[in-house]
Amino acid sequence: MDPRHWHKVAAISGMAAIGLGAYGAHGFKPKNPAYKDVWQTASVYHLVHTAALLGAPLTKHPTVFGGLLTTGIMAFSGTCYAVALLEDRKFSTLAPAGGFAFIAAWASLLF
């Protein structure tokens, strides 16, 4: 796989992060305001790790790093978005796996 593939993944993820962040800031009106913070957390982690995806082609193992970051974005941020949108924490089961994927992605840079 061409390591530059991760720039396209980052482009798609970045567009989604900005769109979802804008919705969270301007259109998202949960009944329980605590879910606004959950959305904000999802948005921050989504955008930060999307930016990190741009560096995937520069790593020794771009597929490992990029794959783990993408998994983390989908599992952690995606779960947080769902929890906030549905206002129900029972949908949070994948969030810890996403957090672990983020940690593993950063750790993969050591090897």
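1. Basis of the values. Residues are numbered from 1 along each chain as its sequence is written, and side-chain values use heavy atoms, with hydrogens and water left out. Because the model is predicted, local features need pLDDT of at least 70 and side-chain atom pairs count only at pLDDT 80 or more, while totals for chains, interfaces and linings use all residues.

2. Helix H1. Helices are DSSP runs of H or I with at least four residues, numbered from the N terminus. The 22 residues of H1 (residues 5-26) should span 32 Å at 1.5 Å a residue, and the end C-alpha atoms are 32 Å apart, which agrees; the expected span is 1.5 Å times one less than the number of residues.

3. Trp 6, Val 9, Ala 10, Ser 13, Gly 14, Ala 17, Gly 21 and Gly 24 are the buried residues of H1. They lie on the same side of H1, because they cover an arc of only 135 degrees around the axis, the arc being that of the directions from the helix axis to the C-beta atoms. Buried means under 20% relative accessible area, exposed over 50% and partly exposed in between, with a 1.4 Å probe and protein chains only. On the other side of H1, Lys 8, Ile 12, Met 15, Ile 18 and His 26 are exposed, whereas the cover over the buried residues includes helix H2 (34-53) and helix H3 (62-86).

4. Leu 69. This residue of helix H3 counts as buried, at 0% relative accessibility. Not counting residues up to four places away in sequence, Leu 69 touches His 49, Ala 52, Leu 53, Phe 102, Ala 105 and Trp 106, where contact means heavy atoms within 4.5 Å.

5. Aromatic pairs. A search of the whole structure finds eight aromatic pairs; rings of Phe, Tyr and Trp (its six-membered ring) pair if their centres lie within 6.5 Å, with planes under 30 degrees apart counted as stacked, over 60 as edge-to-face and the rest as tilted. The pair of Trp 39 and Tyr 81 is tilted, because the ring centres are 4.8 Å apart and the planes stand at 55 degrees. Trp 39 lies in helix H2 and Tyr 81 in helix H3, so the pair ties together parts that are 42 residues apart in sequence. Trp 39 is buried at a relative accessible area of 4%, and Tyr 81 is buried at 8%.

Technical notes:
Helices (H or I, at least four residues) and strands (E, at least two) are DSSP runs, numbered from the N terminus.
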